[in-house]
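I opened my notebook to jot down what I could look up in this one. Here are my entries, in the order I made them.

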Amino acid sequence: MYDLLTGPGLKLSIGICLIGLIIRGVLYIKGLHWQLDRVAYTAHLKAGIRGALRSIFFWILPFGARGWRTQPLMTVLFFGFHIGAVCIPLFLAAHTMILQKALGISFASLNQTVADVMSWGVVVSAFFLALRRLVLPEVRILSGPYDYLILFLSAAPFITGLLCRYEIGDYSFFLLIHILLGEILLISIPFTRLSHILLFFLSRAQLGMDFGIKRGGMKGKGLNW
Amino acid sequence: MPEGTLCNRQPIQTDEALKTLLSDTGGRQYYQEMQSLPVDTPLLWETIQKTCRSRIRTWLSMCARCGMCADSCFLYRINDRDPKQVPAYKIQSTLGEILRRKGRVDNAFMQMAMETAWAKCTCCNRCGLYCPHGIDMGVMFGYLRGLLYQQGFVPWELKIGAGMHRVYHAQMDVTDADFTETFAWMVEENEEDYPGLAVPVDKVGADIMYTVNAREVKHYPEDLAEAAILFHLAGENWTVPSRGWEQTSLAMFAGDWEACKIQVESVYDAMERLKPKRMVGTECGHAHRATVVEGPYWAGRKDGLPPVESIHYVEWLAEALRTGKLKINPEKRIKEPVTLQDSCNYVRNHGLKEITREIMSYIVEPGYFIDMSPNREHNYCCGGGGGFNGIGLYRKQRNKALITKRDQILSTGAKLVIAPCHNCWDAIRDLEEEYRIGIRWSFLKPLILKMVEIPEHLKPEE
């Protein structure tokens, strides 16, 4: 079972994830329309690229955008969640070994303490993000079962990963569950809101181009995100 | 159920239809008919299929429902943080729902969507600056307004406004003759004080083609005089077009995209006809947005730019002061606490944040200018943008919305508010009338006129 999941299972889920994301990305870009979106994307490419990069940069930088600075608690939860969610799957020592074996790609691996902090960061942040959904009226009104499902889907591999890390309970059982949940997560990425892994960058780039080309980017120093 | 005689899906195309709709005081019959206006759901869905593409669809589906947009919205903040005023909720429960139901929505839904689109959003686009995914709900509300307009669910005043553009190529019933005659009359009134003052109409190849807001012609003709005098004092080679002089677009507020195109093309035609070096527009925010920022797209211009370089009045003024074309008498600079309203339409949405502050540095004695907080591209809407000022049905909501600006002004301690935007100017006037906080408000032109030095050769002979 372990071999099945870490061999063909892993290849399949990574394949679905990547191909799915590429399709989502291509469909998104193909669906952009200079006149309907009212952004002359190709006529002012330089201003557009500058706007796109600024728009992405200030929002992936913790406290980089005013939106992050005005809501510091959310910012800590957001980055606490996302830093681990991006780094652990790719750079945890145990993962780099499997990736090396299955796909022949080798990444540098994380120091164990850093990996622990990041993993706990994901789980603790996910807990508070769920709590935030329940407690804050302005978030509760926007939240439905799908929002909790997505959060659970994303956090579950980390919870089970930590169970394995500390060898709590039946190690080999939880390891299989962990791998299975990780692969379910990978497969669901292109089909759910988790596609924001790619679409975040494309959407931010689009709005950045909008401001960079049409809404003032060619007038002054650019938008103060 | 048939469509109403006043409230229906047909745009206003004739003067007669305009007058009939106008005679329905306050839109009483219009709104009554709206109660039974059927929704053409196949048309709604067909329109969405044709026009709603990956940007908006992705925005709606990728929204993480995180609520980070809530605090960015002044209407959410001022309405006791009502969760139903969270931008993401407002757009998901209207446009998002129409898409999920494939256009199968009923009359009650459309009326709710109308109120949301015009009384709960001013399309100020501030939320777009606070969404991690870069979702601009103001843009989506603009799109939703187009769908609602097509179905006849549009506030009475804006149906009229859009009709005015179709019939008069202006936001009100001001004819081309009214425009040139009023301008000429205003110049006559002032030529004794400013010898040689003239309004050159349809001059080909001028450096500047000036465009205005029709209500200056109808209600504030002194604004035309001030513009003429300042161009005259600056020694500008300028002109106004006898046709295509109206820069505004209530059609944009209404979501009548066809009328937007008709209107902006009338201005672009004037540019093509008169071949000026540049166009300068009056102190209006949405007029600039319509003609300079969005207009090129309505007119199908692939470079996203008007036929000639087009600038806002504040850009011309800053340049005239910077280059010394206009000189300020330092004695006459403003020596009282003064603040500045950043118009969403040309500051957040066209980057002119430093230009107005440069003007302040010339006309305000150092130490007297106090910025509102937040300011520049993060400033709050005046409270009356996007058509909100003009809709009687939503006056109560609009008046509440003004409180944000009232409190922003109060905390600066300034008694004078400079508002180089018609909509902001109106909203600030109304907030003073409503809440009596003892402020004055002004466009830039009258202030400059009081402090500008008149060159010797332009002074009247004693």
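Before anything else, a definition: accessible areas come from the Shrake-Rupley method with a 1.4 Å probe, and for residues only the protein chains shown count as cover. With that in hand, I noted that chain A exposes about 11300 Å², and that carbon and sulfur atoms supply 75% of it.

Ground rules next. I'm looking at a predicted model, where local features need pLDDT of at least 70, side-chain atom pairs count only at pLDDT 80 or more, and totals for chains, interfaces and linings use all residues. Residues are numbered from 1 along each chain as its sequence is written, chains are lettered from A and ligands numbered from 1 in the order in which they are written, and side-chain values use heavy atoms, with hydrogens and water left out.

**Chain A**

I looked up the elements and found 10 helices and zero strands in chain A. (Helices are DSSP runs of H or I with at least four residues, strands are runs of E with at least two, and both are numbered from the N terminus.) The C-alpha trace of chain A spans about 60 × 40 × 35 Å along its principal axes. Of its 225 residues, 48% count as buried. (Buried is under 20% relative accessible area, exposed is over 50%, and partly exposed is in between, with a 1.4 Å probe and protein chains only.)

A reminder to myself: most residues other than glycine have a negative phi, and most peptide bonds are trans.

Which peptide bond is cis, with omega near -5°? I found that one going from B:Ser373 to B:Pro374. B:Pro374 sits in the loop between α18 (353–363) and α19 (395–412).

B:Asp80 has a positive phi, near 55°. I placed B:Asp80 in the loop between α5 (74–78) and α6 (87–100), and its relative accessible area of 65% makes it exposed.

B:Asn125 also got an entry, with phi near 65°. Is B:Asn125 buried or exposed? B:Asn125 is buried, because its relative accessible area is 2%. Its loop runs between α7 (107–119) and α8 (137–150) of chain B.

**One aspartate in a helix**

I looked up B:Asp430 in helix α20 (residues 422–435) of chain B. B:Asp430 has 10% relative accessibility, so it counts as buried. Leaving out residues up to four places away in sequence, B:Asp430 touches B:Arg395, B:Arg398 and B:Leu402. (A contact means heavy atoms within 4.5 Å.)
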